[in-house]
Amino acid sequence: MALKVKEGIYWVGVIDWNLREFHGYLTDKGTTYNSYLVLDEKVVLFDTVKSEFFPIFLDNIKEIIDPKEIDLIVVNHVEMDHSGALPKVMEIIKPEKLICSPKGKEHLIKHFHREDWPYEVVKSGDQLSIGKRTIKFLETRMLHWPDSMFSLLVEDGVLISQDAFGQHYATYGRFDDEVDQAELMRQAKKYYANILLPYSGLVSKLVEEVEKAGLKFEVIAPDHGVIWRKDPDKIIQSYKKWSAQQREEKVVIVYDTMWHSTELLAQGISKGLEDEGVDHLLMNLHFNHRSEIITEILDAKAILVGSPTMNNYLLPTVGDFLAYLKGLKPKGLKGAAFGSYGWSGESVKVIEKELESVGIELISEGLRVNFVPSEEDMKKAREFGRKIGRYVKS
Amino acid sequence: MRRYVCSVCGYVYDPEEGDPEHGIAPGTAFEDLPADWVCPVCGASKDQFEPED
């Protein structure tokens, strides 16, 4: 059902309640694909939805206006979850103009192979009057695609921010003040950690520019999840903190185990961290999704990665996690490795090499134990934990 | 020395600053960057850079 955001501005998106997998990201609460309709002398539609939701999307638009009356379509972000329905939408609406960034045009052509659409390329700072309202465009390259851009409805103070400030969070409430706050911030943090983390430098710069320009938004309307209307500054301040990668006295122990030896070591390390009073989590890769782990790592000072040696290498879940971590390029994170082995025992060295290739500084020599940990080995694990704990507190 | 712009993401390589995080000292001309150097923002290769206007 369409919903009013402000006078003349409507949410016409769709809710994807059952989505659980988003290119490697566990969307545990589903998601929404937000699209916005603005009624003025010109009627403007911002972004569309995933292709299979086209019928519901069209229904939502029809609740507000005959779709044929839409004059302009703005594509803030070309990714398929926002543009999948575009070919059908173009066919029905036949807008005067399809507005996008320079990279947006390139990407749209490479997605849909339609040179004939009425593209209108806008650049950062360009303004467009649509009647009582002005739209100001701001290119936000690599947040999180080269084509990404924001559209600001200047007079209303409404920032349509595409994927930035979004959350994969399907709810009945469409606004920040209508949902559980802890869950909302968990989902916003998870989104940041899994989508925007590699571009933290750009996010910091953007937030700084917004603050320097004294820009205050009444509403921040992202392309996923709830709309920030009660406290838009809350998400801006959170982005400031996350993009600075401010880290707390917290350790995440990530591991998988074959016959529980590596797991026993994780528990021994945990005791050492307890001795030092350092907050920590044990996350067995067999039961914890990589996207949940990354969310916990966002504000942790250190990660300890554990794997037994299997076939002179790692358990595959650990390889999967390290590959995911590498792409997300965390900054300022410290780490160390641990694991059990039977005869050759390469896992610790492999993990250390991978952590270093991610730019994670090793803060301790790795902990290796042959077969099942003895009482002595468990003491070593505890001491290893204490050492990490002391480092994290220093 | 000329500045070069990444045609993918808009990052500007400034030879005066270099790219110290990836082992490129300040004062390194774009032409002297190693062939396997990539854009520190988006990972695009060197041939996707253009001289700044």
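**Entry 1: chain A against chain B**

I began with the place where the two chains meet: seven residues of chain A are in contact with eight residues of chain B, contact being heavy atoms within 4.5 Å. I was looking at a predicted model, where local features need pLDDT of at least 70, side-chain atom pairs count only at pLDDT 80 or more, and totals for chains, interfaces and linings use all residues. For my own bookkeeping, residues are numbered from 1 along each chain as its sequence is written, chains are lettered from A and ligands numbered from 1 in the order in which they are written, and side-chain values use heavy atoms, with hydrogens and water left out.

I then looked up the area that the two chains bury between them, which is about 550 Å², 57% of it on carbon and sulfur atoms. Buried area here is the accessible area (1.4 Å probe) that two parts lose on being put together, summed over both. On the chain A side, A:K103, A:R141 and A:M142 supply 56% of what that chain buries against chain B, more than any other three residues.

Which residues form the salt bridge between the chains? I found A:K331 and B:E21, with 3.2 Å from N to O. The count between chain A and chain B is one salt bridge, by the rule of a side-chain nitrogen of Lys or Arg within 4 Å of a carboxyl oxygen of Asp or Glu.

**Entry 2: the two domains of chain A**

Next I turned to chain A by itself. Its domain assignment gives domain 1 (3-243) and domain 2 (251-393); such bounds come from an automatic or database assignment. Taken over C-alpha atoms, the centres of these two domains of chain A are 38 Å apart. Their contact takes 13 residues from domain 1 and 12 residues from domain 2.

I noted that the two domains of chain A bury about 1200 Å² between them, with 59% of that on carbon and sulfur atoms. In domain 1, A:K189, A:N194 and A:L197 lose the most area to domain 2, together 39% of what that side buries.

How many salt bridges are counted between domain 1 and domain 2 of chain A? I read three. I also looked at the pair A:R186 and A:E292, a salt bridge whose closest N and O atoms are 3.4 Å apart.

**Entry 3: A:E183**

I picked A:E183 next, which sits in helix α5 of chain A; helices (H or I, at least four residues) and strands (E, at least two) are DSSP runs, numbered from the N terminus. Is A:E183 buried or exposed? It counts as buried because its relative accessibility is 15%, and buried means under 20% relative accessible area, exposed over 50%, partly exposed in between (1.4 Å probe, protein chains only).

Leaving aside neighbours within four places in sequence, A:E183 is in contact with A:D28, A:K29 and A:Y169.

**Entry 4: A:T309**

My last stop was A:T309, in the loop between β19 (300-306) and α10 (316-328) of chain A. With 14% relative accessibility, A:T309 also counts as buried. Its C-alpha atom is separated by 5.4 Å from that of A:G345, 36 residues apart along the chain. Beyond neighbours within four places in sequence, the residues in contact with A:T309 include A:M258, A:Y341 and A:S347. I also saw that the side chain of A:T309 reaches the backbone nitrogen of A:E346 at 3.1 Å.

Note on methods: Polar contact = N/O pair within 3.5 Å; in protein donor to acceptor, adjacent residues only side chain to side chain.
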